[in-house]
Amino acid sequence: MTTTLNEKVVFWRWISDTKLALVGATSVYHLDITQGTSAAPVKIFDRLPTLANCQIMSYDVDATEKWCYLIGLYSDANRNILSHIQLYSIERSMAMPLEGYAACFAEMPVTDAPGAPKTQLFCFCERKATETTQKFICTEIGTPPAGQQKFKSMSEI
Amino acid sequence: MKADGILMHRERKVIAVRAPQGDAATVIQVSTAQLDIHAFVLSDSDELQIDSYLIETTLLVFRFLTWLLHLSS
């Protein structure tokens, strides 16, 4: 199959057995190769302006394909290498800008209780341009059980 | 068209090739048949043409992965 995307692809990777993620200069697309000759890239979200001048380093989608993140590096006026993360909820069509350089999705219990259900997590290393410290932040992205607060853990690196 | 990147999916034995058309577009071609890079590249003059170093690199990686699979089985 052959398809054309109407922008330059600056980063791409397989995100599943059947889907290719294509990061263009302005937007991010998914291409389902099982669609055969009618396969066409589907726009997932627009890149935030903060990532416009970044070199894209990483992109991933969670197991439910409801959340994605995009990581880009840039250098400031003092030639410091900094980075932005764009966390995006496909379900809510909502983007969240973060300052970090590494991230991952995970699904695991967050308590020691036997039979504890798995929690959907987004973890990232935060490094703000205005700070010298770095933090590891792990936060729940799914909906917590009724009556419970969202899990969040933070520690300095 | 000249390709600037190849992505191989080891499990599905599928390769994707991309060919930029200036800054305005990118052609993506996916081979869903069994992985046969030489046949893929040389099959048709209208097909995407891949730089030789990309072919060599991909073949090298594929041979290495095959060797690893052989070791693990």
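Here are legends for a few close-up views of this predicted model.

**View 1. Where chain B meets chain A.** Chain B puts 17 residues into the contact, and chain A puts in 16 residues. On the side of chain B that touches chain A, the elements giving two or more residues are β1 (5–9), β2 (14–21) and β3 (25–31) of chain B. The largest share belongs to β3(B), with six residues.

**View 2. A strand pair across the two chains.** Now zoom in on β1 of chain A (residues 2–5), which pairs with β3(B). The two strands run antiparallel, and four bridges join them. Which residue of β3(B) stands opposite A:L5? Look for B:T26. Keep in mind that β3(B) is also the element with the largest share of the side of chain B that touches chain A.

**View 3. The four-stranded sheet in chain A.** This open sheet has its strands in the order β6-β7-β8-β9 (chain A), and the pairing is antiparallel. At the edges sit β6 (55–61) and β9 (94–98) of chain A, each of which pairs on one side only. Going from one strand to the next, the twist averages 15 degrees.

**View 4. Close-up of β8 and β9 in chain A.** Strand β8 of chain A (residues 81–89) lines up with β9(A) in the antiparallel sense, with five bridges between them. To get your bearings, find A:Q86: its bridge partner in β9(A) is A:P97. Here β9(A) is one of the edge strands of the sheet.

Methods
Residues numbered from 1 in each chain as written. Chains lettered and ligands numbered in written order. Predicted model: local features only at pLDDT ≥ 70, side-chain atom pairs only at ≥ 80, totals over all residues. Contact = placed C-beta atoms within 7 Å. Pairing = 2+ DSSP bridges. Axes fitted to C-alpha atoms, helices over the stretch in contact; angles between N-to-C directions.
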